[in-house]
Amino acid sequence: MRWDNLTTRDDTAATPALFAADAVTTRTFDTPEFRGITFHEIRARSIVNRVPGASRMPFEWTVNPYRGCSHACVYCFARKTHSYLDLDTGIGFDSQIVVKTNAPELLRRELASRRWTGEHIAMGTNVDCYQRAEGRYQLMPGILTALTERANPFSILTKGTLILRDLELLRRASRVTDIGVSVSVGFTDGELWRTVEPGTPSPERRLDVVRTLSSHGIPCGVLMAPVIPFLGDSPEQLRATVRAIAEAGASSVTPLVLHLRPGAREWFTAWLTHHHPRLLRRYDALYEGGSYAPKWYQRRITGMVHDFAAEYGIGPYVSGAHRNVSGKPDARTEEEPDARTDTPPAQLSLL
Ligand code: SF4
C-alpha cells in the first residue's frame, strides 16, 4: 500500500505525501456492523484540502476524515481515489477504510492559522463522513466543534443517518455561522436500493433524516442523485421520489443524473452485466465516448423533477434558507457541463 502517494492538499489526486508511513495502524473488528471491513488508522499531515482549479466541483475547500466508503454504492465516483493507495477500487473501496484519527485536532490547528481566511468548507463531497466507521471513530463531533468555535461556514452531504447523533452540534453551529446540510436520495425504489447502494440506510430512513433536521430548525435539501437511466428515471419513479422528498419537508431538490467516470464505470458495468444485462447496449449508447449522459437527457430529467417539485411545493429557493454542498444558494439544477449533445439520437428509447 502506498501511503506516501497521497496528497497534502487534494484528496482526489495523487501527489505528495500526506501520511507518515510509520503511523499506520490496521484494525479489524468482529462485531456484525464492521465484519469484513479493515480500518487503516493514520495520522494525517493536513486535513483542509484545496480542490484543484481544474475541478468542476462548485466548492474550493474540503475536509475528508475518511477514504473508502462502506456505503458501497456501485456507482461511486470516489472509487478511483483508492487506486492512488494501490488499493482495489471495487470491494477494496467498500471494505478498506482509511481513518484520519487526528482530523479534529488538525482542523483546529489549520483553522487557527493566520493563512486561513475562513472560507466555506464542504464535507461528504469525496466520501461519506457519516459512513459506518464514524459510529466507532466519532471524528465529526470534534470537526463540527472546531468549525463552530471559529464560526467557519460549512456544508455536509451525506447518506448516513448517523448525522442525527450530531443534531445538537449542528444546531449550535447554525447559530454562529452559515451551514448547509443535504441528504442524497436518488430514488425510492427498494429493490434498486438494495443492489446498487447495499451499504446505505434505506431511502426512507434518509428521508427521516431530512424530516428530523427540518423539524429541528435545520433546513435540509435533497440531492436527488443519482437518477439512474432506465432503472430509476420513469416519470412515475421520478414523481414518487419527488413526492417523498416533499413530504419529508426538504427545503430543495437538486436532480443529478448518473455519471460514470473511470474507476466507477468498470464497477457499475460489472454490476449492470450481472443484474440488468439487457441494458448494456442502451448504456453503451447513452454514455458513448464520455462519462456523462448527453445534455438532452439531463435536461429532460431536470425538467421533469422541477415540474414535480413545483407540483408538490418544494421551493422556490428562499435566500438564506438553504445552501447546497458548494456553500452557494441552491440553484435547483445540476447539469454536467461536458455532456455531448443537445438532441436525442433516434435509436435511444429513453423512458
Ligand atoms: S455514500 Fe457517497 S461516498 Fe459512500 S459509497 Fe455512496 S456515493 Fe460513494
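In this predicted model, the axes of helix α5 (residues 140–149) and helix α6 (residues 167–176) come within 9 Å and cross at roughly 15 degrees. That angle makes α5 roughly parallel to α6, since angles under 35 degrees count as roughly parallel. Helix α5 also packs against helix α3, and a further helix pair is formed by α9 and α12. Other topics below are the residues around the ligand, the salt bridges and two backbone features, at A225 to P226 and at A151.

**Helix α5 with helix α6**

- The crossing in which α5 passes α6 is left-handed.
- On the α5 side the contact residues are P141, L144, T145 and T148, and they meet L169, L170, R172, A173 and V176 of α6.
- Sorted by class, this contact of α5 with α6 has six nonpolar residues, two polar and one charged.

**Helix α5 with helix α3**

- Helix α3 (residues 103–112) packs with α5 at an angle of about 15 degrees, and the two axes are 8 Å apart.
- Helices α3 and α5 are therefore roughly parallel to each other.
- Their crossing is right-handed.
- The residues of the α3 and α5 contact comprise seven nonpolar, two polar and two charged.

**Helix α9 with helix α12**

- Helix α9 (residues 235–247) and helix α12 (residues 295–312) have axes 9 Å apart and pack at an angle of about 45 degrees.
- The two helices, α9 and α12, are therefore oblique to each other.
- The crossing of α9 and α12 is right-handed.
- In α9 the residues P235, L238, R239, V242, R243 and A246 are in contact with I301, M304, V305, F308, A309, E311 and Y312 in α12.
- Ten residues of the contact of α9 with α12 are nonpolar, none is polar and three are charged.

**Surroundings of the ligand**

- The ligand has around it the residues C69, H71, A72, C73, C76, N126, V127, D128 and K159.
- This shell around the ligand divides into five nonpolar, two polar and two charged residues.
- Cysteines C69, C73 and C76 are among the residues around the ligand.

**Salt bridges**

- The whole structure, when searched, shows 13 salt bridges.
- One of these is between R50 and E60, whose closest N and O atoms are 2.2 Å apart.
- R50 belongs to strand β3 (residues 48–50) and E60 to the loop between β3 and β4 (61–63), so this pair ties together parts that are ten residues apart in sequence.

**Backbone features**

- Between A225 and P226 the peptide bond is cis, with omega near -10 degrees.
- P226 is part of strand β10 (residues 220–227).
- A151 is not a glycine, although its phi is positive, at about 50 degrees.
- The position of A151 is in the loop between α5 and β8 (154–158).

How values were computed:
Residues are numbered from 1 along each chain as its sequence is written. This is a predicted model: local features need pLDDT of at least 70, side-chain atom pairs count only at pLDDT 80 or more; totals for chains, interfaces and linings use all residues. Side-chain values use heavy atoms; hydrogens and water are left out. Axes are lines fitted to C-alpha atoms, for helices over the stretch in contact, and angles run from 0 to 180 degrees between N-to-C directions. Helices (H or I, at least four residues) and strands (E, at least two) are DSSP runs, numbered from the N terminus. Angles under 35 degrees count as roughly parallel, over 145 as roughly antiparallel, 65 to 115 as roughly perpendicular and the rest as oblique. A crossing is left-handed if the near helix is turned anticlockwise from the far one by less than a right angle, and right-handed if clockwise. Contact means heavy atoms within 4.5 Å. Ala, Val, Leu, Ile, Met, Phe, Trp, Tyr, Cys and Pro count as nonpolar, Asp, Glu, Lys and Arg as charged, and the others, Gly among them, as polar. A residue is near a molecule or strand if one of its heavy atoms lies within 4 Å of it. A salt bridge is a side-chain nitrogen of Lys or Arg within 4 Å of a carboxyl oxygen of Asp or Glu.
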